Amino acid sequence: MATVELRRVTKHFGETVVVKSIDLIVEKGEFLTFLGPSGCGKTTTLRMIGGFELPSSGEILLGGKEVGALPPYQRDVNTVFQSYALFPHLTVAENVAYGLEQKRLPKGEIKQKVTDVLAMVQMDAFAPRKPRELSGGQQQRVAVARAIVNNPSVLLLDEPLGALDLKLRKEMQVELKQLQRRLGMTFIYVTHDQEEALTMSDRIAVMHGGKIEQIASPVEIYTRPRTRFVADFVGETNLLSGTVEGEGTAARLIVGGVRLPLSALASKSAPASASESERSAHLSIRPESVTVAADGEGVSSEGGPSLSGTVEETIFVGSTWKTIVRLEGGAKMVASEPPGSHGYLAPGLSVVVRWDAEHAVLLEE
Amino acid sequence: MKQRPAPDVLTPLLWAVAIAVFVFLYLPLLVVIIYSFNPDAVNSFPMRGVSLRWYRVMLADEALMHALGISVAIAIGGTTIGVLLGVPAALALARHEFPGKKLLERVVLLPLTLPGIVTGVAMMSLFPHLGVPLSLKAVLIGHGTFLIAITLTQVYARLKRLDPSIEEASADLGAPPLTTFFRIILPNIRSAVVGSALLSFTLSLDEIPVTFFLIAGDNTLPIEIWTMMRRGISPEVNAISTLIIALSIGLIVISSTLQGRGEGAGR
Amino acid sequence: MSALFSKLLRSPRRSLALLVLPPVLWLFFFLVLPYLSLFVQSLLASDELGNVVLRPTTDHYRDLFTRPLYRSTLIYTFEMAAIVTTLTVLLSVPLAYVIAFKVTRYKELVYTLIIVPLWVSYIVRAYAWKIILGRAGILNTFLVYVGVVDKPVEAFLYSQAAVVIGLVHIFTPFVLMPIYSAFEHIPRPLLEASKDLGAGRFTTFRRIVLPLALPGIIAGGTFAFVLTLGDFLAVMLLGGPDTLMISNVVQNLFGTSDDRPLGSAIGIVMLILVLLILEATARAERAFGGTSSGERRIGGVKT
């Protein structure tokens, strides 16, 4: 039985539809992340699972039971808030004990659990302190402890690392992931930081305009994005627009007059549209899959896709050469190659851009 | 090129005026206090000696003491009404949206912005039709009504500075709304509530215009003093006035100490 | 079943209703209805015997503005308000300025000292002037004692001057508070910049401090004006037979003269007047840069 299920869940505020009919199943023990830009509906969806917003329509099921109308205090769900929301007038220990007190557990048991969970997040020494005496990172840990000590079936995390500095964030990402694995608890995480999502998640649900555009593992999201938005939002990518001609192994993408061979997968999934002869499509190629060589040099690919252009800019970023090439059609492509692949390519140089067709993804829209 | 500094006539002059105004504000009060110890019945200059005579008279004045008791009772009652109605109203305004919000804010403040006499005659005209004849009950209701605004404004301001997520966190952790109110909201607005209560108490004790039109037989303290003044000058009034001055200063000290400490940060 | 019940209960509307209904109901019956009834009462006629008759009329409003007695009282009240406002502002500005700019240590303490008189009962402060200005009062006995006059001066108390002095004394702390606040919020770097550019102290005051403090001064002046309009106690304690203000007339009409409809009409006119004045000055304050939050940037410096 799924831990969390959303069926056609929709939310509108007045005239604006913020969440458009979302279907989702979250499995037990999974680390699922809602990833998207601000305004995409990810936080609203999370809040509906938590009970802080009522869905306008659709059903939300926790452990198989419909809970859409239940208030937060009657759901077996706990939340780590973006602002931590620690109770300022209570100590760290009292904060953590709060949820357990609502369950009317015996005092001795509460005390033990509080001590244990604070040790788990390395905050046991701070038990008698007040939140205002703690740093951001420390408050964040207490917020996590306060939530997980109640052993909810689902833990919701609303951009919990947003206020931390970069180094601390990266540390906390690892810690949270390890914690989740250790506890085997289902985590639903919200962030706009795609690197964070890629680092921590078992699955990522990329959201845009109130809809889930793709939900898959991080590897899948990165290497096989389904839509232009996903390809562009997660990591850097090159987008080539063209029309598809032919079918099957003979299918070609025509970009700026050049016929490009497609991968086996792409050929199969080439879009069918009204007019047979002209089908517009987009190709996504990650910069690390692209190579640049001066005209005339480099391995002549056996029919692999390639385009000609001139170098606009070359940047050495230490671990990679980043080359921006202006194609004949006017579009730009970015290549990201290891430092040993070639020397400095001067701007204005004529070059050929190549990639392995298997690494290029044909997008749905 | 900078001007050569002119001889500093301005600053001493400024200080002189400022001190003069300060004296103007305080001297009359000091006079009242000093002359409360006047052994004579007439406020003449200079004072011939010091005496506690008028304090004794004041304490023996039954009507005055009765009025004091009534004022305190009404102040406590009015403050209670103001707080009991002001806190929920502040919560509603700070955490919810509803039509007529702005109107409510304006209406609540009316008794404070309008001259007391207008509110007084308005209440006097209607209360009997509501089954509240002119009496101490009417005074109590009248005070309670304008005191709502005192608590509402202070608690509202405090709530605005408080992170609303902590209320959601409380619900998230399993607390029903009433528990959230008593365990989370109330402790964090405590100083605002106490401060408003103190201020309300003082305002009620001192209130004259609205009370003037709502009383029937029994007098509140200011009205009783007023009546004494109308009868003529008596240093007994000096004595009770001195007591009021002392009480007021005491309440200010308590109030600013409380505000100085405040609660912990809102986050 | 319990899910449905919970849904009803937890609907945000329910908890809102529980919160907002008691205060709203109370205010409706004990505040809104009274003001409304005052308005209604002002439109009722009186017959020859002075009884209230259920016949609508705007006579009372007409009387207020046409009958010489009421009109002159209204004008006199406005004069008094103007005088009191001017004096309180003139007294407050130097004192506020000195505390804000010239007092370094114990500033909080000094300011609190100024505010203390505010907390002392109105009646006590008015009484103080009674015993100072009276025929047998302290001022008179002092003047006789030092030989300035032969016998006590009658004219101090129960005069327009006494009322003015009393009101100015009572209202000055009210007026001082916003002016002081305005002075405090002027960023000091602006004054230093002004001096650096060669302006003398008075010029700095005239061209920098005063304009920036204007919203506060307007606020303070408004307090004094509105408070004077509505005051009836000072006249009763310190004034004479010819110093009646409009609020005394209202008090009379609801008391011994017993003409409630006319009194109500005057009350409603006062209500509208005060609301208009408050709206006008609020706009003036905004126009001169004041904001209700009190926080703004002046010359790039956050105040």
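Chain B meets chain A through 19 of its residues, which are in contact with 20 residues of chain A (contact: C-beta atoms, placed from the backbone, within 7 Å). On that side of chain B, α7 (165–172) and α8 (177–206) each supply at least two residues, and α7(B) gives the most, with 6 residues. By class, the side of chain B that touches chain A has 9 nonpolar, 5 polar and 5 charged residues. Here Ala, Val, Leu, Ile, Met, Phe, Trp, Tyr, Cys and Pro count as nonpolar, Asp, Glu, Lys and Arg as charged, and the others, Gly among them, as polar.

A note on the model: it is predicted, with local features needing pLDDT of at least 70 and side-chain atom pairs counting only at pLDDT 80 or more, while totals for chains, interfaces and linings use all residues. Residues are numbered from 1 along each chain as its sequence is written, and chains are lettered from A and ligands numbered from 1 in the order in which they are written.

Now to the sheets of chain A. Helices (H or I, at least four residues) and strands (E, at least two) are DSSP runs, numbered from the N terminus; strands pair if DSSP finds at least two bridges between them.

| Open sheet (chain A) | Strands | Pairing |
|---|---|---|
| β6-β7-β8-β3-β9-β10 | 6 strands | mixed |

β17 (321–327) of chain A pairs with β18(A) over 6 bridges, and A:I324 has A:V334 as its bridge partner in β18(A).

In the mixed sheet, β6 (77–80) and β10 (211–216) of chain A are the edge strands. β9 (203–208) of chain A runs antiparallel to β10(A), joined by 5 bridges; A:V206 is partnered there with A:Q214 of β10(A).

Conventions
Contact = placed C-beta atoms within 7 Å.
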